[in-house]
Amino acid sequence: MSDEVKQPLWTGDYYNEGADQIDPFDTLREECGVFGVYGHPDAASLSYYGLHALQHRGEESAGICVSNSVNFNYHRGLGLVKEVFDKDTLAGLQGSHSIGHVRYSTSGGGGLTNAQPLVFKYKGGDLAIATNGNIVNAPQIRRELEESGSIFQTTSDTEVVAHLIARSPKEFVEAAKDAMNRIVGGYAFMLLTHDKLLVTCDPNGLRPLTMGRLGDAYIFTSETCALEVIGAEIVRDVRPGEMLILDRDGLHEDRFTEEHRKALCAMEYIYFARPDSDMNGSNLHSARKRMGSVLAREQFVDADVVTGVPDSSISAAIGYAEQTGIPYELGLIKNKYTGRTFIQPSQELREQGVKMKLSAVRRVVEGKRVVMIDDSIVRGTTSRRIVNLLKEAGATEVHVCITSPPFKNPCFYGIDTPDSRELIASSRTVEEIREEIGADSLAFLSYEGLIEAVGGEDRDSYKGGLCMACFDNDYPTQVDFGGEEKFGCGC
């Protein structure tokens, strides 16, 4: 595999305009985030704050669509939530029902055309859709629809579902059920009409979705941290294969199919979700601390300090330090603002792109044996550069400990992963990866250790109720559609 990395485009009209470029940080990209409200007079404002809490799940675009039971009002834009919406914009979004979305474009195209919620007019009236995830067989369905006369306006998987609903002779709810049974993948959908909100997730529960209450209103979100922000109480997770229907008569619990093997994405626990969120009865910060603790028991390293790669690995580093008794220190500091610059950096900084986002604390690591905790290794370029940062700052040894098994396989369910040929663990042994990144030792968390650390309500079910296909190639759904299958995130 070539070590050459395309440099990102740091100039542009909006943040992350060059999101399809390979970043000096070869970490996995977030998916998307969805937020819905039914029955609250300030639905748009609640959605704004909810999406702000979900900003880590998507930074390219944001949108909110509101229904006042007669008309839709919606606004979408490129950039962060706080850039897309202001006081005047929100004031124009009047209504008590809403759906919102934050997005990272991955396998779907970027730009405003694909920003969600997508809004359609069809024979049944107005329809808005927001989703998080990926439909594996979307290219196949899209081709069939186009051959029968459908015209698509976007490259988003979400539009495929809209066409399936629009072409159905059945009423809206039954048409939506048929559409969900036609698609294969990992997804959380919110579908809004003038008087109804449908909320559903895939039969395996691959993508997270939680229901909350705020007074008489129902709230739905990708992560519970968004409920905390608006003062809503957590009710429960939306169950795999479930379809919740909200209308003037209240909440109706229904299903479009039976629950299949429970398989919530393991990377939500390892990397994606905010540490103050809960998923499946397990708090993310606590789960990550346990990952560090279990990793310490499995792969103890005699060292002077433990440090975590910010931000997702801080919790695990604390757990590793507590388990071993080795002091935890802030050996690496993240510059949170470099991604916001529109100024073209110097050639020297572009060649050492990691230094724009991370700095080693020399007084902490100089002359020390350092255990560096990180959540995953994708291509290996970032790990190598961070190891070099620490050694340039005077660390005598750098031992890399990863709180996940080796990442070997592409994701079909909503994570932006490279081709398997670009995943360093798919073609190299642990020792070869260690040599590649220049570490003094390298260790990965075991499958069993990951399941133990996550815990939660499904700890005793198959693989702890987790999808770990990116580690073990055991996909919970069909992924082969004659070459028309789709990787990454298509929302």
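Biologist: Which elements are included in what covers the buried residues of α5?

Modeller: Bear in mind that this is a predicted model: local features need pLDDT of at least 70, side-chain atom pairs count only at pLDDT 80 or more, and totals for chains, interfaces and linings use all residues. Residues are numbered from 1 along each chain as its sequence is written, and side-chain values use heavy atoms, leaving out hydrogens and water. Helices (H or I, at least four residues) and strands (E, at least two) are DSSP runs numbered from the N terminus. Going by contact (heavy atoms within 4.5 Å), the cover includes β5, β6, α4, α6 and β7.

Biologist: How many of the residues of α5 are buried?

Modeller: Buried means under 20% relative accessible area, exposed over 50% and partly exposed in between (1.4 Å probe, protein chains only). D157, V160 and L164 are among the buried ones. Helix α5 runs over residues 157–167, and the buried count is 9 of 11.

Biologist: Which residue caps the N-terminal end of α5?

Modeller: Look for a side-chain oxygen 3.1 Å from the backbone nitrogen of T158. The residue that supplies this oxygen is S156.

Biologist: Which residues does the UniProt "binding site" annotation cover?

Modeller: The annotation comes from an unreviewed entry, and such annotations may be inferred rather than shown by experiment. The annotated residues span 64 residues in sequence, but they gather at one spot because no two of their C-alpha atoms are more than 7.8 Å apart. According to the record, they are S312, D374 and D375.

Biologist: Is S312 buried or exposed?

Modeller: S312 sits in the loop between β17 and α10. Beyond its neighbours within four places in sequence, S312 contacts I270, Y271, R288 and D375. Its relative accessibility is 16%, so S312 counts as buried.

Biologist: What is the distance of the polar contact between the side chains of D374 and S313?

Modeller: D374 belongs to strand β20 and is buried, at 5% relative accessible area. A polar contact is a pair of N or O atoms within 3.5 Å; within protein, one must be able to donate a hydrogen and the other to accept it, and residues adjacent in sequence count only if both atoms are side-chain atoms. For D374 and S313, the distance is 3.2 Å.
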